[in-house]
Amino acid sequence: MKLSIMMLSCLAFLAGCESSRHAQIVPQGQQSPKAQQAQQLAALANELNMQPELAYTDPGFVTYAHNKQLTNYAGQIALELTDSMSGVSPSAVAITSFVSFDRSLRNSNQLGNQLAESMIHQFQKMGYPALDFKSHRGIAVTINGDFILSRDAKKLPKKPAPSHVLTGTMIYRDRGVEVNTRLLNFDSRLVVASSNVVIPYFILHPSATVTYK
């Protein structure tokens, strides 16, 4: 009887040791998964705090990101001229090159000629007939092409004479070109319409404002 009790006591003691060993999920000296995750997050936060702050630099207006063109400003000039034109119906408008506002008023550039060409189209859209005084009465047929335009004043016809003339000056400001446009009565030289528009430099090609030599 005593031997049985002793055997049962030994079995119970061994069973208790076995259960206590299995109940110890995390071995000694090793962290739990939650503790490891918390330690990793703390290390990551510490690493981020040690990095220097990035300085923000304003790139300004990126030229390739805009979709404005010179024709948009030519259209704006035409609208302002139409708004200021009161009781005037031009029968033939001659459009000349826009010139730099200098001592001679005889210097132009790519911008001045492009504005003149664009204004022919804009005035035509507004319903005002534009007179192209650089055109011949005949067509020159050559091996290089067929031409009707010329800059030789002696070969150009004198008639019909325009009823009005569109011209303008260009002033080069810090941020753009200030374009002052006026529509003149060809005979009386009275200003019948005017416009003021600033064209930003980012619209223009660097060579657009170089004066022709």
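What follows goes from the pockets to the rings.

This is a predicted model, with local features needing pLDDT of at least 70 and side-chain atom pairs pLDDT 80 or more, while totals for chains, interfaces and linings use all residues. Residues are numbered from 1 along each chain as its sequence is written, and side-chain values use heavy atoms, with hydrogens and water left out.

Start with the largest pocket, at about 430 Å³. (A pocket here is an open set of points on a 1 Å grid over the protein atoms alone where a 1.4 Å probe fits, with protein on both sides within 12 Å along at least five of seven lines; lining residues have an atom within 4 Å of a point. The volume is the space filled by probe spheres set on the points.) Its lining has 17 residues, and Phe133, Lys134, Leu156, Pro157 and Lys158 lie nearest the centre. That lining splits into 10 nonpolar, 2 polar and 5 charged residues. Two of those central names meet again: Lys134 lies over the face of Phe133, 5.0 Å from the ring centre (the rule asks for NZ of Lys or CZ of Arg within 6 Å of the centre and within 35 degrees of the ring normal).

The second largest pocket comes to about 270 Å³. Its lining includes Thr96, Arg106 and Leu184, and divides into 4 nonpolar, 5 polar and 1 charged.

Now the rings: there is 1 aromatic pair (centres within 6.5 Å; planes under 30 degrees apart are stacked, over 60 edge-to-face, the rest tilted). Phe123 and Tyr128 have ring centres 5.7 Å apart and planes at 50°, so the pair is tilted. Both Phe123 and Tyr128 are buried, meaning under 20% relative accessible area with a 1.4 Å probe and protein chains only.

Note on methods:
Ala, Val, Leu, Ile, Met, Phe, Trp, Tyr, Cys and Pro count as nonpolar, Asp, Glu, Lys and Arg as charged, and the others, Gly among them, as polar. Rings of Phe, Tyr and Trp (its six-membered ring) pair if their centres lie within 6.5 Å; planes under 30 degrees apart count as stacked, over 60 as edge-to-face and the rest as tilted. Buried means under 20% relative accessible area, exposed over 50%, partly exposed in between (1.4 Å probe, protein chains only).
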